[in-house]
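Please read the points below with the model open beside you, and check each one against what you see. They begin with confidence and then turn to particular parts of the chain.

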Amino acid sequence: MGSIAPAAGARKLHGAGGGLRLMLDVPPSHMADAPRPWSIYQTGIDKLGPQDERGRGAVAVVIGTGVSRHPSLAKCVVDAMDFTGSRHGSDDIHGHETHTIGIVAGEDVGVAPGARVHSLKGLGDDGTGSDETTAACVEKAIQIKPHAIN
């Protein structure tokens, strides 16, 4: 059986179990001049309504590794709490939760940029955590009464 070469701008990745995925390294040409990241259009999020209205009034809690200061998160993060005792407090040294909050509500790239996000750091600076810190974060999240918890 012959192999099929990926289109220009794509690359082959071999996944677990021998599966094959194609990843785009560049945006499709019809999206290259788009005013927002091409991933917004690729996922269809742009069809959910005007960007400035998506998520308005919604409250989310993201439990993870903390949150770093980033311009696209300045309007959405309303609170950041550390449950780990990290010497860095609620700052995200690992990077995972900051990335997640950007997907949820980042100003130009988020699914719901109008949402307000509470960051609860329950995982340490190395990305690991304990049952105790996770439970404490979940208990706090319930007190906040958000529309969504991640």
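**Notes on the predicted model**

1. Of the elements in the protein chain of this predicted model, strand 5 has the highest mean pLDDT, 98, whereas strand 1 (residues 10-14) has the lowest, 46. Across the protein chain the average pLDDT is 81, and 73% of the residues reach a score of at least 70.

2. Two stretches call for caution: pLDDT stays under 50 over residues 6-15, although the model has 25 contacts for them beyond four places in sequence, and pLDDT is likewise below 50 over residues 20-25, a stretch with 20 contacts beyond near neighbours in sequence. Where pLDDT is low, the predicted coordinates should not be read in detail.

3. Strand 4 (residues 77-82) and strand 5 (residues 116-121) run parallel and are joined by 5 bridges; within this pairing, Met81 has Leu120 of strand 5 as its bridge partner.

4. Beyond its neighbours within four places in sequence, Thr133 is in contact with Phe83, Thr84 and Gly122. As for Gly122, its backbone oxygen lies 2.8 Å from a polar atom of the Thr133 side chain.

How values were computed:
Residues are numbered from 1 along each chain as its sequence is written. This is a predicted model: local features need pLDDT of at least 70, side-chain atom pairs count only at pLDDT 80 or more; totals for chains, interfaces and linings use all residues. Side-chain values use heavy atoms; hydrogens and water are left out. Two strands pair if DSSP finds at least two bridges between them. Helices (H or I, at least four residues) and strands (E, at least two) are DSSP runs, numbered from the N terminus. pLDDT is the predictor's confidence in each residue, from 0 to 100. Contact means heavy atoms within 4.5 Å. A polar contact is a pair of N or O atoms within 3.5 Å; within protein, one must be able to donate a hydrogen and the other to accept it, and residues adjacent in sequence count only if both atoms are side-chain atoms.
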